[in-house]
Amino acid sequence: MYARIMQTDNINVNSGLMSAMRHYSNPLTCIHEVASVKWPDGKAVCPRCSSKRSSFLQTRLMWKCLDCKKQYSVKVGTIFEDSAIGLDKWLCAMWMLANCKNGVSSYEIARALEVTQKTAWFMLHRIRYAQHTGSINKMTGTVEADETFIGGKARFMHADKRAEKIHGRGPEGKAIVFGLLERETGKVRTSVVGTRRKHHLHATVRDNVAAGAALYTDALKSYDGLDEYTHKVVDHAETNVDGVVHTNRLENFWSLLKRSIKGTYVSVEPFHLFRYLDEQPFRYKRHATDQERFQKVLGSVAGKRLTWEL
């Protein structure tokens, strides 16, 4: 049982980064924290034969299955699997990413944890994978829908690069991100879409919003035809708010997302953008202490595996 390695030096809800670094400098503490979310009943489970009969090897900080005789660590079956980086560095990186309002760059993580930038970048992507807030439950109540463009502005580009990427007005050369915000809970769902055409947006709305919900959008024609919702439109050419009909809260989310991308990450490749979109909805409107946000991410590490190719 992993209960044998429990530590008593717990951090509290008011703890900050320094307290977390001291707390997780003990390898036994790190193993216990991960084991407690991976095996809530207190019994380690062999990943090969599913046996709960095991012995903890104090010298190796691993378990040995008493049935199949194989050894395994707490990292197996989590985002930490196949990583040579110690859990002390993993958990400190998780604390930083969960609580830095505008995100934290891989270069900063690399300097703070004394790892390479490539290692820090891969660690952050795994943590963002744990932050993913997807759900099979559809949004209800009042839902705002909007889209935005992510990409470099023409005035900041070199003349040659501008001529290559920018051709007239519109989203040419940029990624299109579609978002839905549930007003009652503040929860946000985002996804990268290929176009703003009706078939793309309608499919995303219907996959994520329950029929009968109040749906508020701008005057984009692609939203026409969503008749199963109480659909109301605000025309931004005339006004930003029409009573309770507006998309201001989602616009606020877009401003926070772009602030983190432009100010912290600077350049995000389109094929990695969806990982950065996992990060911002996790932090949005999450009124909690640093320790509570950290525990929320830690509770999602089990059952997820992210390889370099993904």
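Trainee: How many nonpolar, polar and charged residues are in the lining of the second largest pocket?

Mentor: This is a predicted model, where local features need pLDDT of at least 70 and side-chain atom pairs 80 or more, while totals for chains, interfaces and linings use all residues. Residues are numbered from 1 along each chain as its sequence is written, and side-chain values use heavy atoms, without hydrogens and water. Ala, Val, Leu, Ile, Met, Phe, Trp, Tyr, Cys and Pro count as nonpolar, Asp, Glu, Lys and Arg as charged, and the others, Gly among them, as polar. By that scheme the lining has 6 nonpolar, 9 polar and 7 charged residues.

Trainee: Is Ser267 buried or exposed?

Mentor: Ser267 lies in the loop between α8 (248-265) and α9. Buried means under 20% relative accessible area, exposed over 50%, and partly exposed in between (1.4 Å probe, protein chains only). The relative accessible area of Ser267 is 58%, so Ser267 is exposed.

Trainee: What class of pair do the rings of Phe178 and Tyr223 form?

Mentor: Rings of Phe, Tyr and Trp (its six-membered ring) pair if their centres lie within 6.5 Å; planes under 30 degrees apart count as stacked, over 60 as edge-to-face and the rest as tilted. The whole structure has 11 aromatic pairs. For Phe178 and Tyr223, the centres are 6.4 Å apart and the planes are at 35°, so the pair is tilted.

Trainee: Which residue has its charged end over the ring of Tyr129?

Mentor: A charge sits over a ring if NZ of Lys or CZ of Arg is within 6 Å of the ring centre and within 35 degrees of the ring normal. At 5.5 Å from the centre of the Tyr129 ring, the residue is Lys304.

Definitions and conventions. Helix = DSSP H or I, 4+ residues; strand = E, 2+ residues; numbered from the N terminus.
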